[in-house]
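This report walks through one structural model, from a detail at the end of a helix to the chain as a whole. Please keep the sequence and the coordinates at hand while reading.

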Amino acid sequence: MLGLVWDGLELAPQEAIELRTPVGDDVVVEVDVAGLCHSDLKPIDGDIPQELPVILGHEAVGRVVARGPSATIPLGQRVVMTVLRPCGQCADCLAGRRIRCRATATPPASPFSRDGRSIAQFVRLGAFARRTLVSESQVIPVGDDLSDEIMAMISCATVTAFGAVEERARVEAGESVMITGAGGIGLNAIIAARAAGARRVAVFDINPRKEDIARRCGATDFVLSSDRPISDVALELEPDGFDAVLECVGMPALLEQAVRSLAWGGRVVIVGLPPHGAVLPLEIRSLFNDRSILGCRMGSVDPWTMIPRLVERCTAGELDLGPLVSKTVIPSEIQELVAELRSGSLERGFIDFRQES
Ligand SMILES: [Zn+2]
Ligand SMILES: [Zn+2]
């Protein structure tokens with residue numbers, strides 16, 4: 001079968017990739033559409049350690065086409081997948097906090113190989129392939145109402161952004177929200193903040209092309225970042241400071257300025273992944289007056305409950321994620337899609353794997 005393989009030099013489609021036979025609670029998912037996310041570029045850029053070669057991709061929708069003897073999900077069921085692989089037995093799992101299960105940290109052996117050589121599976125998913133094999137605990141059944149693109153995006157960028165806004169920042173109606181970085185998560189966070197009733201959503205980005213889409217998602221202000229510290233601009237907009245800041249870039253300097261931009265009682269949520277070893281120079285007194293800095297792992301929410309809820313809200317017309325879907329390509333066009341994502345000319349790009357099966 002076909003998969004998109006990053007071998008350390010290029011990201012390109014390869015044929016004749018084999019998937020091992022499902023055993024135990026394995027589930028084989030035939031991927032229809034997968035989204036391209038900035039996290040997929042991290043192994044390419046060397047930002048995170050990754051065994052090579054690897055099949056990238058981690059937000060996808062498809063159907064169950066095979067399963068191991070102890071898996072019970074029906075064949076043909078439409079599903080999205082999650083990188084989380086909870087054990088179901090530890091204290092966190094039993095308390096309903098599957099997002100904190102440590103078992104997720106131990107990757108299983110990759111199911112992919114080619115000519116007898118193993119190909120790694122990115123974050124236990126490897127969704128840039130016509131078929132992938134995951135644990136039954138990683139699949140979330142979904143209905144047929146929403147498009148493949150929106151479903152794929154909900155499974156990662158949307159659930160992360162909504163979790164960060166609703167569960168971590170706990171944005172309330174009438175509050176002011178600042179978002180740094182208008183990428184896939186930042187744009188979803190704008191929609192989430194408006195849905196929570198934020199009166200002001202100010203978005204900061206270095207790319208002027210992002211203004212239009214940011215405003216279409218509901219941003220009230222768009223600030224083109226310059227050499228000026230963003231906290232100076234923020235405090236001009238909101239002299240008392242912002243109630244919540246979502247730092248979606250993962251830059252230590254921005255995080256420090258985000259803290260300076262806070263109102264009393266304000267919360268900064270770290271959504272963007274900073275580089276390994278990055279430290280934060282911070283005047284501790286700036287956290288007085290009940291300000292806080294919050295880490296956030298994938299939205300800090302349980303995707304098995306949050307994803308179906310988001311789907312319902314989209315189906316009911318409460319949320320419109322349509323503006324974020326910019327383009328769908330066939331697997332051989334992956335390099336163009338990556339280039340467009342890097343240049344910022346693309347919001348969310350998708351790969352349709354049905355076209356080359
Ligand atoms: Zn993602
Ligand atoms: Zn567990």
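Gly-344, which comes just after H9, takes a positive phi of about 85°. The model described here is a predicted one, and every value below is computed from it. Within H9 the residues Ile-334, Leu-337, Val-338 and Leu-341 are buried. Because these residues cover an arc of only 100° around the axis, they lie on the same side of H9. The elements that cover the buried residues of H9 include strand S1 (3-6), strand S2 (11-14) and S4, together with helix H1 (38-45), strand S18 (325-329) and S19.

Over the whole structure, a search finds 25 salt bridges. Three of them are listed here with the distance between nitrogen and oxygen.

| Lys or Arg residue | Asp or Glu residue | N to O distance |
|---|---|---|
| Arg-131 | Glu-30 | 3.1 Å |
| Arg-348 | Glu-59 | 2.8 Å |
| Lys-210 | Glu-347 | 2.8 Å |

The side chains of Glu-30 and Arg-131 meet in a salt bridge, and this pair links distant parts of the chain, since Glu-30 belongs to strand S4 (residues 26-36) and Arg-131 to strand S10 (residues 131-135), 101 residues apart. Arg-131 counts as partly exposed because its relative accessibility is 33%, a value that lies between the 20% limit for buried and the 50% limit for exposed residues.

Lys-210 forms a salt bridge with Glu-347, a pair that links helix H5 (residues 210-217), where Lys-210 is found, to the loop between helix H9 (334-343) and S19, where Glu-347 is found, 137 residues apart. Lys-210 is buried at a relative accessible area of 7%, and Glu-347 is buried at 14%. Salt bridges can also share partners, and in this way Glu-30, Asp-32, Arg-130 and Arg-131 are joined into one network.

## The zinc site

Which residues coordinate the zinc ion (ligand 1)? The donors are Cys-37 through SG, His-58 through NE2 and Cys-156 through SG, at 2.1 to 2.3 Å. Along the chain, the donors of the zinc ion follow the spacing C-x20-H-x97-C. His-58 lies in the loop between strand S5 (54-55) and S6, whereas Cys-156 lies in helix H3 (residues 148-168), so the pair ties together parts that are 98 residues apart in sequence. Both His-58 and Cys-156 are buried.

Asp-302 sits in the loop between strand S17 (292-295) and helix H8 (303-315). Is Asp-302 buried or exposed? Asp-302 is buried because its relative accessible area is 13%, which falls under the 20% limit. The side chain of Asp-302 makes a polar contact of 3.0 Å with the side chain of Arg-98, and the side chain of Asp-302 also reaches the backbone nitrogen of Trp-304 at 3.0 Å. When neighbours within four places in sequence are left aside, Asp-302 is in contact with Gly-96 and Arg-98.

## Helix H6

In helix H6 (residues 230-237), the buried residues are Ile-230, Ser-231, Val-233 and Ala-234. These residues are on the same side of H6, because they cover an arc of only 160° around the axis. The buried residues of H6 pack against strand S12 (176-180), strand S13 (200-205), strand S14 (221-224) and strand S15 (242-247), as well as helix H7 (252-260).

## The chain as a whole

The chain has nine helices and 19 strands. Its radius of gyration is 20 Å, close to the 21 Å that the globule rule gives for 357 residues, so the chain is as compact as a globular protein of that length. The C-alpha trace spans about 60 × 45 × 40 Å along its principal axes, and buried residues make up 54% of the 357 residues. Among contacts with a separation of 6 or more, 70% are accounted for by residues 24 or more positions apart.

Definitions and conventions. Residues are numbered from 1 along each chain as its sequence is written. Chains are lettered from A and ligands numbered from 1 in the order in which they are written. This is a predicted model: local features need pLDDT of at least 70, side-chain atom pairs count only at pLDDT 80 or more; totals for chains, interfaces and linings use all residues. Side-chain values use heavy atoms; hydrogens and water are left out. A salt bridge is a side-chain nitrogen of Lys or Arg within 4 Å of a carboxyl oxygen of Asp or Glu. Helices (H or I, at least four residues) and strands (E, at least two) are DSSP runs, numbered from the N terminus. Buried means under 20% relative accessible area, exposed over 50%, partly exposed in between (1.4 Å probe, protein chains only). The arc is that of the directions from the helix axis to the C-beta atoms. Contact means heavy atoms within 4.5 Å. Donors are N, O and S atoms within 2.8 Å of the metal (3.2 Å for Na, K and Ca); water is not among the atoms, so sites may look incomplete. A polar contact is a pair of N or O atoms within 3.5 Å; within protein, one must be able to donate a hydrogen and the other to accept it, and residues adjacent in sequence count only if both atoms are side-chain atoms. The radius of gyration is taken over C-alpha atoms; the globule rule is 2.2 Å times the number of residues to the power 0.38.
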